[in-house]
Amino acid sequence: MKRFFTLSAVALTFAAVTSSCLDNNGKEPENKATYNYGPVFNTITDKTTGEVYYNDDTEYQLTIDYVNSTLSVTTTDLKLSSGSQKHTIQISPMPVKIQTGTVEQGVQSIIVSAENAYAITAPTQLDITDLSLAWTDRAIGGAYNPLIGLSYTINDTYDVVVMPNTATYFGTVTSTNAMSGDAFTANNIKTVVKFNPLDGTAAIDLNGIQFVGAMPALNMTFPGIKFDAVKSTYTLASEALTPTIKDTPYPNYPITNLKAEASLATGKMTLSFTCTPMGMGAYNVTAEFGPVSIEE
C-alpha cells in the first residue's frame, strides 16, 4: 500500500480556509506554512560563456499561503560565481495550481510558473524571470520527502537549477545478455543518486542489483559520473567506470556507456549501461525508475 504525506491536504485546505469566518478586524485570518528545502545546491550556468558554477550548501524557504492560494520563495545563500558575495532573494507570492495524480495515484502537487517573478534582492538588484516550481508529495519510509523541481533565470544571463544533495528512486532493472538475448528482470530496486557539487560528478547507488538469477544481489556504487542540469531535468553520462562494493573497486564488473535522464519534478529516471562481468559476457542493462517503492 502506498503512503503519502500531503501538503496539509492542499486542495481541501484551500477550500476550507478561503471559506473561513472573518477575524475580529474584518480580515481573513492568516494560514501559512513554510517548508525549509535544504541543504541543496544551485547549478548556475552562464548562458553567454557556457561555464557552470555550483553554489553548494544553500537552503530555500517555500511558504504557502492557504488563504490566498499563493507561494513565495526565499533564499539567503545565492552566489553567482566563486568570487561573488551572497545574495538574498525574496520572491513575492505567486499564484499556485493544484494537480492530483501527477506522479502516482493519490499524489498532490503544487505548480508555480512565472515568466517575470517580482523579487526583492540584496545587496544588489537582480532580475528574476522564467521561474518554475513543482512541489510534489512523497514519503519514503514514513518520512516526508517531497519532490521539488525549482529553476529560474537571473538577469537573462544565469540559468539556476536547484539540485538536491541526494535523489532517491525505485524501479525495475532489466539486463539482457548481448549474445543469447536472454533477459532477467529485478523489481523494486532502490537507487540513490548522490551529487558532489565540488567537482560536478555524481555517484549512483544500486541496492540489490542482479544481472542474472544466479548472481547474488549486490549493493553496487557507480562513482565519478558527470552530470548536467537544465531546468528541472538532469542527465548523467560516463563512457567507462569501475563500480565499487563497500568502497572496494570491482574491476571484474566494468561499466560502459552509462546514460541517465531524470526529472526532479516527477521523480522519474531512465538509466542504461553495459556491464561485462569477467567470464559472463556483456549485459545490456536498462532501468525505469519512479519516486516511490511499491512497498510504500
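1. Contact here means heavy atoms within 4.5 Å. By that rule, and leaving aside neighbours within four places in sequence, P146 is in contact with Y35, W135, T136 and R138. The residue sits in the loop between β10 (143–144) and β11. Helices (H or I, at least four residues) and strands (E, at least two) are DSSP runs, numbered from the N terminus.

2. A word on the basis. This is a predicted model, in which local features need pLDDT of at least 70 and side-chain atom pairs count only at pLDDT 80 or more, while totals for chains, interfaces and linings use all residues. Residues are numbered from 1 along each chain as its sequence is written, and side-chain values use heavy atoms, with hydrogens and water left out.

3. Is P146 buried or exposed? P146 is buried, with a relative accessible area of 9%. Buried means under 20% relative accessible area, exposed over 50%, partly exposed in between (1.4 Å probe, protein chains only). P146 and A265 are 119 residues apart in sequence, yet their C-alpha atoms are 9.5 Å apart in space.

4. P146 also belongs to the largest pocket. Y37, N145, P146, P164 and T166 lie nearest the centre of that pocket, which is lined by 20 residues. Its volume is about 370 Å³. A pocket, on a 1 Å grid over the protein atoms alone, is an open set of points where a 1.4 Å probe fits, with protein on both sides within 12 Å along at least five of seven lines; lining residues have an atom within 4 Å of a point. Grid points are joined across faces, edges and corners, and the volume is the space filled by probe spheres set on the points.

5. Which strands build the lining? At least two residues each come from β1 (32–46), β11 (147–154) and β13 (166–177). β1 gives the most, with six residues. By type, the lining holds eleven nonpolar, eight polar and one charged residue. Ala, Val, Leu, Ile, Met, Phe, Trp, Tyr, Cys and Pro count as nonpolar, Asp, Glu, Lys and Arg as charged, and the others, Gly among them, as polar.

6. β13 has two antiparallel partners. Ten bridges join β13 to β14, and eight bridges join β13 to strand β22 (residues 283–290). Two strands pair if DSSP finds at least two bridges between them. Y169 has T191 as its bridge partner in β14; G171 has F289 in β22. β13 and β14 form a hairpin with five residues between them, and G181 in the turn has a positive phi of about 85 degrees.

7. F170 is found in β13 and is buried, at 10% relative accessible area. The C-alpha atoms of F170 and N188 are separated by 5.5 Å, at 18 residues apart along the chain.

8. The structure holds ten aromatic pairs. One of them is F195 with F227, edge-to-face, at 5.1 Å centre to centre and 75 degrees between the planes. Rings of Phe, Tyr and Trp (its six-membered ring) pair if their centres lie within 6.5 Å; planes under 30 degrees apart count as stacked, over 60 as edge-to-face and the rest as tilted. F195 is in strand β14 (residues 183–196) and F227 in strand β16 (residues 218–230), 32 residues apart. F227 is buried, with a relative accessible area of 0%.
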